[in-house]
Amino acid sequence: MSLPNNIEVASGRETPAADVRLCKELSIILSKFPRIRFGHLPTPLEPLDRLSEQLGGPRIWVKRDDCTGLSSGGNKTRKLEYLMADALANGADTVITQGATQSNHARQTAAAAAKLGLKCHILLEDRTGSNDRQYNSNGNVLLDLLHGAAVDKRPGGADMNAEMDALAETLRKNGATPYIIPGGGSNAIGALGYVNCARELSEQAGEIGLKIDCLIHATGSSGTQAGLVAGLAAIKSDIDLLGIGVRAQQEKQEQMVFDLAEKTAELLGTGLLIDRSSVKANCNYVGPGYGLPTDGMCEALKLLARTEGLLFDPVYSGKGLDGMIDLIRKGAFSEQKNIVFLHTGGSAALFGYPDLFGF
């Protein structure tokens, strides 16, 4: 059980028997894929009752994927369980990945590589143009280096996939066996981590008799949302899924998620079909660009820190949180009783933005 003993469920019902059966079937399917157990799973599912009371909407819960345990936790750990297993299955001695300067994915990849004794090369793209020393050297960047990764910078707009390919070729010529992990760990193999999360969340909700009306999360490179889309479809869940975009425009974001969800369903090998209408992203909270702060994000971070004692990051989870809070205030969930926010971690990035709150 992932809830303290003093927590009561306001309303809900147990997961239907069919869902239980489908969850077990999905677990069997996932067990066929190589996996390394990095995460502290299942992550907790907790109510945010002070926040719920303040906002006056549905009861808000949080799925604590900031508690996965690998280098301060985060959503990428679930993806890396499958990606790193695939790297080892392919005989890799080195992993290569890329991300923005304050990439949570890069940090967790560096940590996973260290745990497995693999070399790690990280390419960081300058998407903000910031010259601030703290932003470029502290937070996740500091942790990348602490975990022993080789870190190289690339200018904004660089073809990062081509950059990784070029680096891999150089490493091969020097006798290494590299394995390339896409940005965010977002391919069909990585998305299996969030197929599994959909199953895990459904089982948790069933244990406490909670009917989840909507699951909300930040969406960027698309792997987390694609995995959830495929996972919820596989167990025939009626949970409404909403991604809050942190980078791309809505049409592009939804298409990326849908395409990857289809590839993930194909990888599962069950004939699962993905309904395009199940892919929804609200991209009104990106602000001036990826990694660039917004007033709403800052207020959302302060609100959660001061009502629930939770820390979110300014790049990814913070903008997702801003979107959820604003939508609640606008009455978007007025017909729903219980919504869950998936906390994807990343508070280490706060130290790359020391002047963010003007303290």
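The largest pocket in this predicted model is lined by 28 residues, of which Arg-127, Gly-183, Gly-184, Ser-221 and Arg-247 lie nearest its centre. Two or more lining residues come from each of the elements β3 (94–100), α4 (104–116), α7 (160–173) and α10 (250–268), where helices (H or I, at least four residues) and strands (E, at least two) are DSSP runs numbered from the N terminus. A pocket is here an open set of points on a 1 Å grid over the protein atoms alone, with protein on both sides within 12 Å along at least five of seven lines, whereas a cavity is a set of points where a 1.4 Å probe fits but cannot get out; lining residues have an atom within 4 Å of a point. The space in the largest pocket is about 560 Å³, a volume being the space filled by probe spheres set on the points, with grid points joined across faces, edges and corners. By class, its lining holds eight nonpolar, 14 polar and six charged residues, given that Ala, Val, Leu, Ile, Met, Phe, Trp, Tyr, Cys and Pro count as nonpolar, Asp, Glu, Lys and Arg as charged, and the others, Gly among them, as polar.

Residues are numbered from 1 along each chain as its sequence is written. Because the model is predicted, local features need pLDDT of at least 70 and side-chain atom pairs count only at pLDDT 80 or more, while totals for chains, interfaces and linings use all residues, and side-chain values use heavy atoms, with hydrogens and water left out.

A search of the whole structure also finds two cavities of 30 Å³ or more. The second largest cavity contains about 30 Å³ of space, and its lining consists of Ala-100, Thr-101, Gln-102, Tyr-135, Tyr-290, Gly-291, Val-315 and Tyr-353. Five of these lining residues are nonpolar and three are polar, with no charged residue.

The protein chain as a whole has 12 helices and 10 strands, and its C-alpha trace spans about 60 × 50 × 40 Å along the principal axes. For 359 residues, a compact globule would have a radius of gyration near 21 Å, and the 19 Å of the protein chain agrees with this; the radius is taken over C-alpha atoms, and the globule rule is 2.2 Å times the number of residues to the power 0.38. Of the 359 residues, 57% count as buried, where buried means under 20% relative accessible area, exposed over 50% and partly exposed in between (1.4 Å probe, protein chains only). Among contacts (heavy atoms within 4.5 Å) between residues at least 6 apart in sequence, 82% join residues at least 24 apart.

Six strands form an open sheet of mixed pairing, in the order β1-β2-β10-β7-β8-β9, two strands being paired if DSSP finds at least two bridges between them. Strand β2 (residues 59–64) runs parallel to β10 and is joined to it by six bridges, with Val-340 as the bridge partner of Trp-61. Strand β7 (residues 214–219) is also parallel to β10, through three bridges, and here Cys-214 stands opposite Ile-339.

Several loop residues may be described individually. In the loop between α1 (17–30) and β1 lies Phe-38, which is buried with a relative accessible area of 7%. Leaving aside residues up to four places away in sequence, Phe-38 touches Thr-68, Leu-70, Thr-77, Leu-80, Glu-81, Met-84, Ala-112, Lys-115 and Leu-116; the C-alpha atoms of Phe-38 and Leu-70, 32 residues apart along the chain, are separated by 6.7 Å. The loop between α1 and β1 also contains Pro-42, and the peptide bond from Leu-41 to Pro-42 is cis, with omega near 0 degrees.

Positive phi values occur in two serines: Ser-72, with phi near 75 degrees, and Ser-222, with about 95 degrees.
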